[in-house]
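Please consult the sequence and the coordinates alongside the text.

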Amino acid sequence: MDKERILANLSIAIEAVFANRVRSILTALGIIFGVAAVIAMLAIGNGAQQEILEQIKLVGVNNIIIEPIIEQTEENLTEEEESGNKEKKKFSPGLTLADKESIVKTIPGVQKVSPEILLETYIIKNGIRRSAKLVGVEPSYFDIFNFELAEGKMFNRVQLEKGEAVCIIGKSIKAKFFPSQNPIGKMIKCGSNWMKVIGVLEERYISQNSISKLGIRDYNMDVYTPLQTVLVRYKNRAMLTEEMIQGANRGSSGNFIVIGGGGGNNNGSDENQKAVNYHQLDRLVVQVDKTELLNPTADVIVRMLERKHNEVVDYEIEIPELLLKQQQRTNDIFSYVLGAIAGISLIVGGIGIMNIMLASVLERIKEIGLRLSIGAKKTDIINQFMFESMMISISGGFIGIVLGIMMALAVSRFADIPTVISFGSILISFGVATAIGLIFGIAPARKAALQDPITSLRYE
């Protein structure tokens, strides 16, 4: 019997909602936009968080990155400087393998150290020539940056020590130069040397946002070879050459002239103004055991390099993970603020439902009195108005979910902002919408149930 009464009350509520479609839709607008805003804001926040996690994977975990500074300077010399009486700037050997060895031997808590040399070169195969980057690395590089082999094998000890002409290629290199064959064991020309392909890396997706913010290149288009191979077969900027001696003679005026070969571009006519890379390494990545050791280890590295480089600060140190975590915290705060604003709109929508339902009670006093006079109980009246408010909020919740998903997709497509729509955000927003319909429907339902049947029938 109770079940039949509940179904009868639900049927009356549905009929009342559809009889006032326009008013019901206008009442539900607050819920619709509130739910849509919650879903869209959480999707944007989740997208930002996922992008930061991907960026952390790209730069590695607990890493300290040391990069050389290659400055191009131009200055007017005073008479004292021209005469050579002013004290000359100190000499720095640059970032070298000796720095790597010192870090490994002297600094505790260091898990891995990865030296890198990056050369701009070209690849030739089957009549196709394309510019690419040749990266001299050690096996620790692939561990630090979470690279995995799709096929083939890693460098062995003999290849690393003797600097053999072997390489591991990115996925895009394989697709470009070996579209229909297995590249393992094949030869490919990198610059002036033929290299044997021994492995292919798994494809690594990198967003344009990561490339621009972190300065990350497209790893899929790189060719990786042992560090010793680059030093022996291509270029070792730590070796003394005739060009370096001539450069030192030209810079004997007392100013620090950057000398040493490799990578410098001179677009001007004055040779004294060009800056040439004299660093043996292009990057040194230090991975520590724990995140809390990042700052202390970086401080120790700064002091050590300052001593080894004769107090010449020709390097810069970055801790990308801490920067990204700070950015993540900022994004989280931003998401909380937007979520709170969206939540407030849901509450406002609930207040709108309560106001409209209270007004509806006044409009339908005769209907309420008639139902009470023919045997309806107060619980029936309460159920009827509760069902009406919940129907408005639930239907508004469904429409809001669809609108929120559409808004998130539109933001992702047109604003180029990554969004991730989670089932949790949909469930939370819909649950809140339902709860709001229930909570804010209580007062109008109680007001309707407390009406005196006789007075209600006389109401004009």
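In which helix is Gln159 found? Gln159 is found in helix H6 (residues 157–162); helices (H or I, at least four residues) and strands (E, at least two) are DSSP runs, numbered from the N terminus. The model is predicted, so local features need pLDDT of at least 70 and side-chain atom pairs count only at pLDDT 80 or more, whereas totals for chains, interfaces and linings use all residues. Residues are numbered from 1 along each chain as its sequence is written, and side-chain values use heavy atoms, with hydrogens and water left out.

Gln159 counts as buried because its relative accessibility is 8%; buried means under 20% relative accessible area, exposed over 50%, and partly exposed in between (1.4 Å probe, protein chains only). Not counting residues up to four places away in sequence, Gln159 touches Met154, Glu164, Val166, Ile198, Pro226 and Thr229, where contact means heavy atoms within 4.5 Å.

**Strand pairing**

Strand E7 (residues 193–201) is mostly covered, with seven of its nine residues buried. Strand E8 (residues 222–226) is largely enclosed by the rest of the structure, because five of its five residues are buried. The pairings of these strands are listed below; two strands pair if DSSP finds at least two bridges between them.

| Strands | Sense | Bridges |
|---|---|---|
| E4 (residues 149–152) and E7 | antiparallel | three bridges |
| E5 (residues 166–169) and E7 | parallel | four bridges |
| E6 (residues 187–190) and E7 | antiparallel | four bridges |
| E3 (residues 128–137) and E8 | parallel | five bridges |
| E5 and E8 | antiparallel | two bridges |

Individual bridge partners locate these pairings in the sequence. In E7, Gly199 is the bridge partner of Gly152, Val200 is that of Ile169, and Trp194 stands opposite Lys189. Ile169 also stands opposite Val223 in E8, and the partner of Lys133 in E8 is Asp222. E6 and E7 form a hairpin with two residues between them; Gly191 in the turn has a positive phi of about 65 degrees.

**Helix packing**

In helix H4 (residues 97–106), the buried residues are Leu97, Asp99, Lys100, Ser102 and Ile103. These buried residues pack against strand E1 (63–68), strand E2 (110–125), helix H9 (227–233), strand E9 (283–288) and helix H11 (294–308).

Helix H13 (residues 365–373) and helix H14 (residues 378–414) pack at an angle of about 140 degrees, and their axes are 9 Å apart. Axes are lines fitted to C-alpha atoms, for helices over the stretch in contact, and angles run from 0 to 180 degrees between N-to-C directions. H13 and H14 are therefore oblique to each other; angles under 35 degrees count as roughly parallel, over 145 as roughly antiparallel, 65 to 115 as roughly perpendicular and the rest as oblique. Their crossing is right-handed, a term for a near helix turned clockwise from the far one by less than a right angle, anticlockwise being left-handed. On the H13 side, Glu367, Ile368, Arg371 and Leu372 meet Lys378, Asp380, Ile381, Gln384 and Phe385 of H14. The residues of this contact comprise four nonpolar, one polar and four charged. Here Ala, Val, Leu, Ile, Met, Phe, Trp, Tyr, Cys and Pro count as nonpolar, Asp, Glu, Lys and Arg as charged, and the others, Gly among them, as polar.

H14 also packs with helix H16 (residues 442–449), at an angle of about 145 degrees and with the axes 8 Å apart. The crossing of H14 and H16 is right-handed. Lys378, Ile381, Ile382, Phe385 and Met386 of H14 make this contact with Ile442, Ala445, Ala448 and Ala449 of H16. The residues of the contact of H14 with H16 divide into eight nonpolar, no polar and one charged.
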